[in-house]
Amino acid sequence: MSNTFQVDLRGIVDLLSHHLYASPRVYVRELLQNAVDAITAVGPDHAGAVAITSADATGDGTLRISDNGIGLTEAQVHELLATIGRSSKRDELGFARHEFLGQFGIGLLSCFLVADEIRVHTRREGAAPVLWTGFSDGRYEVRPGPEREAGTTVTLLPRRGAEHFLTGTTVVELATVYGSLLPVAVTVDDRTVTTGVLPWQLPPAGRMAYAQETLGFRPFDVIELNVPGAGLTGAAFVLPTPVNPASRGGHRVYLKRMLLSENVEGLLPEWAFFARCVVDSSELRPTASREALYDDGMLAETRDAIADQLRGWLVRLAATDPHRLGEFLRIHHLGVKALALHDDEMLRLVEQWFPMQTNMGEVTLAEFRSRHGVLRYAATADEFRQLAAVAAAQDVGLINGGYVYDAELIERLAATDPEVRVERLDPTDLTTRFVPLDTEVELRLRPFLAAAQRRLDRLGCEVVVRAFDPVTLPSLYLVSRAAAFHDEFTASRDEADDLWGGVLDALSRTVPADRPQLVLNHRNPLVRRVAALGDAELAGLAVESLYGQALMLGHHPIRPSDAALLTTSFLGLLDRAVPGEENR
């Protein structure tokens, strides 16, 4: 036994009119869509016109919108205005062609956001006029209407608290926002609100003025967009200032020249956060509320096509105006680098034109490679700060790979081009470039080194003496990647519970046990004086102080044991420098 659903029409009206749409403001858009559809149905040569009379002008608190479109017969009124969710009859009646903007019945329900009663007075050529009256509780009435020309007039009787949505100021604003680009003349209280001019067809100065007035900024550049498969034309306005890549700025999208929304997402790929688009499409599909784009294959193809056009603009800038490209990269380098992670053409553009921070100044990767032959980089900003000056003194070029995407881009260059050599600099690699001491000097320093090692053994640090530049740097704290991993592993094991602690203990046998190194610079006069001290306690305090200074200069994390050592060494040196009466 089968049964039919019991539908509460009042609930359906409430659901569609109050929960489908984000704001009552859309009622003007829906009324305009219905009017333009009716005009379109007459034929391409019909001179259509839409006239809106606000509550201020009617004098009775109602709003009226009239069009000289095709109008409806009584049968069509029943099918289109009183049937929700049925498309077959709509198709038979000629309202399913793709050039139509909306769906008359569903769109009309949006008016219940601001009205308790909707009256539709309509006549189709050769048929009798009809008056349809719908109520917010789900009832409707149909009866013969007064004589009139072919077309339709919709009258809204406001609901309590929504009267301001029907006033002249509000209706002019909404009709201008939603319908200014429509190809038919639209007036509100005899004031024309349509221009019919597409902003991307304006001359350059006009486009700039449009962006300033509508989007709120004067663009760095304007890129014309054209995707024939989606019936899309428009422009991408390049932002003149940096923007957070995580922000997903919306775009102004028109469908058949009616504004869909001022904040549509998903039109551009994520890396193109530097552009705001204004476009019109005849083929992209709106969602049910007609406030966003339906995410289907057509939208995906359109997004890819726009991405190709933005990429082409960047390539043209590189070929024709490198200086301007440099300006753009300084503003929006994150977007271009994000694209270069997946696009070989953009990767080459970044290599040739984007300057990265190095210990030799800001240079492009191409220029760095021509000077040094190999792209040697520090993987983090801290590593770069620790090693930049020392590497430069050894004539080792070093790139700061700590900025977003930089290390990944450097590695990707090597993966795409076998001629590109890339090395990540391990801090301990520098010690191979330091000058070893003469045998005689090394023998003389053995007692000092043994004493210094005893002072730092409890901190897990190895003390070595080398000669290196710059002379002004007395000591350098170097942590190999293996040693850093060992420290992290040990910290994790200490914090783990008994179960995981046992697992980590079992794994610890395979973890390399390299120790960090405190490299004392024998070329530094202070280090030589400390090494020559006959007072073992004073020499030990000095070594501990050099250890603390190397930690801080290298921006290394300070552990509790390090902080305790810094305190005791400082106080110990201060005590020796300022002796008390008992010491005298």
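At the start of helix α19, a side-chain oxygen of D535 comes to within 3.1 Å of the backbone nitrogen of E537. That is a polar contact, meaning a pair of N or O atoms within 3.5 Å, where within protein one must be able to donate a hydrogen and the other to accept it, and residues adjacent in sequence count only if both atoms are side-chain atoms.

Before I go on, the ground rules. This is a predicted model, in which local features need pLDDT of at least 70 and side-chain atom pairs count only at pLDDT 80 or more, while totals for chains, interfaces and linings use all residues. Residues are numbered from 1 along each chain as its sequence is written, and side-chain values use heavy atoms, with hydrogens and water left out.

Now the chain as a whole. Its secondary structure comes to 20 helices and 21 strands; these are DSSP runs numbered from the N terminus, helices being H or I of at least four residues and strands E of at least two. There are 584 residues, of which 48% count as buried. Buried means under 20% relative accessible area, exposed over 50%, and partly exposed in between, with a 1.4 Å probe and protein chains only. Of the contacts between residues at least 6 apart in sequence, 68% join residues at least 24 apart, a contact being heavy atoms within 4.5 Å.

Back to α19. The helix covers residues 536-553, which is 18 residues, and it reaches 26 Å from its first C-alpha to its last, close to the 26 Å expected at 1.5 Å a residue. The expected span is 1.5 Å times one less than the number of residues. Which residues of α19 are buried? They are A539, G540, L541, A542, V543, E544, L546, Y547, G548, A550 and L551. The cover over them includes α15 (439-456), β20 (475-478), β21 (517-521), α18 (525-531) and α20 (560-577). Just after the helix, H555 takes a positive phi of about 55°.

Two of those covering elements, β20 and β21, belong to a sheet. It is an open sheet of three strands in the order β19-β21-β20, with mixed pairing; two strands pair if DSSP finds at least two bridges between them. β19 (462-466) and β20 stand at the edges with a single partner strand each, so one side of each is left without a neighbour in the sheet. The twist averages 25° from one strand to the next. Angles here run from 0 to 180 degrees between N-to-C directions, with axes fitted to C-alpha atoms, for helices over the stretch in contact. Four bridges join β20 to β21, and the two run antiparallel. S475 stands opposite L520 in β21. Helix α15 packs on this sheet, touching β19 and β21, and its direction makes about 150° with that of β19.

Next, the other sheet I want to show. Eight strands form an open sheet in the order β5-β4-β3-β6-β2-β1-β7-β8, again with mixed pairing. Its edge strands are β5 (140-144) and β8 (191-192), each pairing on one side only. Strand β7 (residues 185-188) is joined to β8 by two bridges, and the two run antiparallel, with V188 opposite R191 in β8. Helix α2 (residues 26-42) lies across β1 (49-53), β2 (63-67), β6 (151-158) and β7, at about 20° to β2. Helix α7 (residues 168-179) also packs on the sheet, touching β1, β2, β7 and β8, and its direction makes about 160° with that of β7.

Leaving aside neighbours within four places in sequence, A175 is in contact with V28, L32, I52, S180, V188 and V193. A175 and L32 are 143 residues apart in sequence, yet 8.0 Å apart C-alpha to C-alpha.

Last, the aromatics. A search of the whole structure finds eight aromatic pairs. Rings of Phe, Tyr and Trp (its six-membered ring) pair if their centres lie within 6.5 Å; planes under 30 degrees apart count as stacked, over 60 as edge-to-face, and the rest as tilted. F220 and F328 are a tilted pair, 6.0 Å centre to centre with 50° between the planes. F220 lies in the loop between α8 (204-215) and β9 (221-227) and F328 in helix α10 (residues 322-340), so the pair ties together parts 108 residues apart in sequence. Both F220 and F328 are buried. W313 and F328 form an edge-to-face pair, 5.1 Å centre to centre and 90° between the planes. F220, W271, F274, W313 and F328 form one aromatic cluster.
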